[in-house]
Structures are given as C-alpha cells and as structure tokens.
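Biologist: I'd like to go through this model with you, one question at a time. Can we bring it up on screen?

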Amino acid sequence: MTVKTLSYDVLILGSGLAGLTTALHLAPNLRVALVAKRDLQEGASFYAQGGIAAVLDVHDSIELHIRDTLNAGAGLCDPQAVRFAAENAAAAIEWLVAQGVPFTRARQPDGREEFHLTREGGHSQRRVVHAADATGQAVINTLANQVRSCRNIDLFEQHVAVELITGAWLRRPTRRCLGAYLLDRITGKVMPCSARFVVLATGGAGKVYIYTSNPDVATGDGIALGWRAGCRVANMEFIQFHPTCLYHPRAKSFLISEAVRGEGGRLLLPDGNSFMKRFDSRGELAPRDIVARAIDHEMKRLGAEFVYLDISHKGAEFVLRYFPNIHARCLEYGFDITREPLPVVPAAHYINGGIMTDLRGRTDVDGLYAVGEVAHTGIHGANRMASNSLLECLVFGRAVATDILSTQNAAPDPGELPNWDESRVTDSDEMVVVSHNWDEVRRFMWDYVGIVRTNKRLQRAKHRVDLLIQEIDQYYRDFRLTADLLELRNLVLVADLIIRSAQQRHESRGLHYTLDYPHTTDEIPTKNTVLTSPHYRPR
Ligand SMILES: Cc1cc2nc3c(=O)[nH]c(=O)nc-3n(C[C@H](O)[C@H](O)[C@H](O)COP(=O)(O)OP(=O)(O)OC[C@H]3O[C@@H](n4cnc5c(N)ncnc54)[C@H](O)[C@@H]3O)c2cc1C
C-alpha cells in the first residue's frame, strides 16, 4: 500500500520549550508540523522548577551574566554563544510575558511590582525569573495553548521520529535533510513526512542513567538521529548530575530545585552535621558538579543511601510562598519540608554535549537544525550554570526560526518520499531482549560512567556497549518497530558517544571527573571533544 507523504515547510521534532518557541516564531509565515513522542506537554521543560536566567535587575549586568557562565563552563564555553544568549535573554522573557506566562512578581519598596528574581548556584546575582516553583509548567501550558490555537501548526502527538531522511540516504544528488519517518504509537504504522526544513528539538538523554531527574521521553533520540544523518557531536562526556533528587522508592525522578539551596537550604549528613564548606568555600551555593561530587563522596565514605536537605529553619510561611509545589509533592511522599529535612541523592540531570550547531542553530546537514538540550551551541561549556538551559531554548529557538524565515525561498520542495520498508520484518518473539537491555545499559552507565570515572570503568562500559549495539542492530533489522525498541537503539548509541568522549578527555574538567586524571590541564585554548559521524560530509 502506498502511504501519501505528509508535506510541510518545517518539521519540528519535539514539543518542549525549544520546539514550541521555534514553532510559534515560524507559524505566522510557514506551515509547521510539530511532533511529540507522547502528549504535547510531556518533556523536561514542563518539569523545570527553578526558572530562566536573564539580566533584569539594575544591580546586574550582561557582562556579569557572561562572566558567571564562562566561570561555570570551566574554559569550554563559546564566548560568542554565551554573549548571544545573555544579550537576548531580556527580550526572550518579554516575549514569554507577551504570550501570557504568569511569572512571580514582588512589590518593591517604592510600590512598583517587579519580577521576583532568585539566585542559584554559580550566579553572582539574583537573576532567575520564575513562576513560583513550577516555572516549566507555567511556561509550557501557556505556549501549548498558543500552539493549539495556531492554524498553521499541525500537531502530531504520540508520534516518534524513527529516522531522518537525507538526500544521501536516498542516493539523490542533494545533501539536504528532506524529512523524517514517524511512527504512530497508536496504530504502529510508520509514515514519511517531508519538509523543506527539519528541526531537532528532542531534548536530553537522562534515561541513559538509572537514576535521573529526566522524564521518560529523554532518551537522546535527536542526538542519535542527527549522528546517523551525518552530524558531528561535541562534549558528550559532560553530564550534569543534579545533587538533590528526592530519595524515595515511589518518587521516580522528583527533583528538589537548586533554588531551595539558593534560598538558604542546608545539606546535612545523616548525623545532622553540615559538610559542604569542607568541599567549597561557597558551601551550598557551589556549582552543581561540586555539590554532587561532595554528596557522592560523603555517601560512599559513610555507606549512606542519602543525605538530607533542610529548609525548615526558614519557617512555614516562607517555604509555602516560594516552594508550594515542592512542599505539596513531598507531602505526598510523607515529608513536610516546613518541619523536617528531606532525604536526597544525586541523579543524571542534563547533557551539556549534543549535535554541533552554529549561532543560527544550523547543523552539519543542510536544512537540518538542532535546538534546546539536543544541541551543542557552546553556551554551557564543561558545566552548565543553572537556569541557562531554558534560556538557550528560547534564544536559539528564535534564532532557528529567524534563519529559516530568511532562507525559505532558497529551500527546495523535497517531493514524494519512499514508504518505510517493512517487507522483511516480523513481530518480535522476545520482547524481553528489549527490556533486559534497557536495564543493562542504564545500570552500567551509572556504575562505570557516572559522577566519578576511571579508565578501567570506561573500558568495561565500552566493552558492554559494543556488544549491545550489535545485538540491538540485529533486533532492529529483524523485527517490527516499537517505541521501546527505537528508544533503546538510540539510548545505546548515545551511551557509546558518551563513553568514547569520556575516554578521549585525559583530564578532569567541569562535569567530567576521573580518578586517573584528577587535574585540569592548563592547555590554552582548551579543546572540545568532537566526534565525527561516519556519514559526515564536510562542506
Ligand atoms: C526536573 C528538571 C528541572 C529542570 N529545571 C530547570 C530550570 O529550572 N531552569 C533551566 O534552565 N533548566 C532546567 N532544567 C533543564 C531544562 O528543563 C531542559 O534542558 C529543557 O527543558 C530542554 O528543553 P527541550 O525543549 O530541549 O526538551 P524537552 O522539554 O525535554 O522536550 C523534548 C521533546 O522532544 C520530544 N521527543 C523526544 N524524542 C522524540 C522523537 N524521537 N520523536 C518525536 N518527539 C520526540 C518529546 O516528546 C518532547 O516533546 C530542568 C530539567 C529537569 C529534568
């Protein structure tokens, strides 16, 4: 049976803050398909609690925002990208306010209402705009409503991008990205979707680790799709572990925002003593990697399953005003943070590396863009400063849309694309292979490629991932596609890219810490770890 190719000006894979922002900037002029693996709102963006960094206070400055970001990035930020983000931050917040996002305000001594700004780890100033402690929810709900009412945007919820379609792949005389195959999770059918431009906005890859703050959709699909299409990736070894996820068997990935420490929350050992000052003079406000490593160190030293985070000394009124969501969620698990400390553990939170892009979001493949957590723009360097990632989605989402709008007339129509070939596959007889391998990859990544690494651990992980890649590729060729299988295939590829990048960095820097090379080299300029896809074609 011939399936008619869906056809759009722009195909956006992912409906988090990066995808929604790009779509809304394009929609007045172009026809957009917006694809989400699950429901429209489901993604890391929705769960963001802390907020968005932007210079909005008279005592703050763009130069300070840049300086703080470069400091956190430990020598690997691209200064141009950082400046671009910092300079465009205030306009991005204005745009969100114009869309209707209800940010928290505070009355000033002179009676004026201004944004209430919090201060988070690494920031020298209060510069984090937020909507109480559920910023992502407020932002995503507002933008999702806008997208749903846009005539030019067609939504494809419950659709998973299987593979990008490129000219090279079809042996056509073009190197452009021409569209993608989409799996409808409900019907199980795969259909081609053609587009003059394709945007990867698929978010991060936290699910590659067994403990993560990320939602289930974060399986690194966009990184794998881009890599297989010929994109280079950079700095994949830099994984941020959030220091404080709630430790509870039922709380799969509930994060306790950095803002809790920013507003005076203290980390305590099981015996009630505080310990952060022993590791860093900034104490609880040290950058995340230092806090996560300190907790990991103390937990290993004491054989403890968790440490405590305590904000109860600030009083119930304060806690309920600034952390109503965290308070309510913790109550569901039996903890009242206005009265008692919370048990917390570190968990994989953010991937700094990703598909390499320029300041317009362009990748190595013509017509293919990457934006948001899937992309490596260079703003985070070796360590991401809190609240800079939502900012990156907003600023670069707009940049991608601007570039597409300015080049649309030169972009050819890809025409009909071939159907997905299912003639040689059958239904899987052993789904246990998929579930077993899911668990295996996440477990060895945690044990061997986690907060503290060694050459030996990385070697062990590499050996295992090589076997898994072979096994899963065979399975992928023989059996009908399911979302679980697609995600697993992407997850092991991303695991492999992380391991290979970690093996190439012979030093400890930012989020990459190895006992075999515990020092930071003083090589100037410092180098990004760039891996080149076998399908890469230089321009
Ligand atoms: C709990 C938590 C709290 C955070 N708090 C903050 C914060 O306060 N401030 C801050 O700056 N950052 C924060 N971060 C980081 C930030 O939220 C993310 O980096 C950012 O939201 C990523 O946005 P995104 O649009 O790139 O991806 P996401 O919001 O994760 O969206 C990804 C989208 O891609 C879709 N998708 C994925 N794969 C496919 C596929 N194969 N086919 C089709 N669709 C696909 C998903 O369905 C989803 O729609 C937090 C992260 C977490 C997990």
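Biologist: How far is a backbone N or O atom of A201 from an oxygen atom of the ligand?

Modeller: First, this is a predicted model, so local features need pLDDT of at least 70 and side-chain atom pairs 80 or more, while totals for chains, interfaces and linings use all residues. Residues are numbered from 1 along each chain as its sequence is written, and side-chain values use heavy atoms, without hydrogens or water. As for A201, the distance from its backbone N or O atom to the ligand oxygen is 3.5 Å.

Biologist: And how much of the ligand's area does the protein bury?

Modeller: Start with the ligand taken alone, which exposes 1000 Å² (accessible area, by the Shrake-Rupley method with a 1.4 Å probe). Of that, the protein buries 98%.

Biologist: Which helix gives the most residues to the shell around the ligand?

Modeller: The shell holds 39 residues, where being near means having a heavy atom within 4 Å. Helices are DSSP runs of H or I, at least four residues long, and strands are runs of E, at least two, numbered from the N terminus. Elements supplying at least two shell residues each include α1, β9 and α11. The top giver, with 4 residues, is α11.

Biologist: How many charged residues are in that shell?

Modeller: Asp, Glu, Lys and Arg count as charged. The shell has 15 nonpolar and 18 polar residues. The number of charged ones is 6.

Biologist: Where does G43 lie, and is it buried or exposed?

Modeller: G43 sits in the loop between β2 and α2. Leaving aside neighbours within four places in sequence, G43 is in contact (heavy atoms within 4.5 Å) with P215 and V217. Buried means under 20% relative accessible area, exposed over 50%, and partly exposed in between, with a 1.4 Å probe and protein chains only. With a relative accessible area of 8%, G43 is therefore buried.

Conventions. A polar contact is a pair of N or O atoms within 3.5 Å; within protein, one must be able to donate a hydrogen and the other to accept it, and residues adjacent in sequence count only if both atoms are side-chain atoms.
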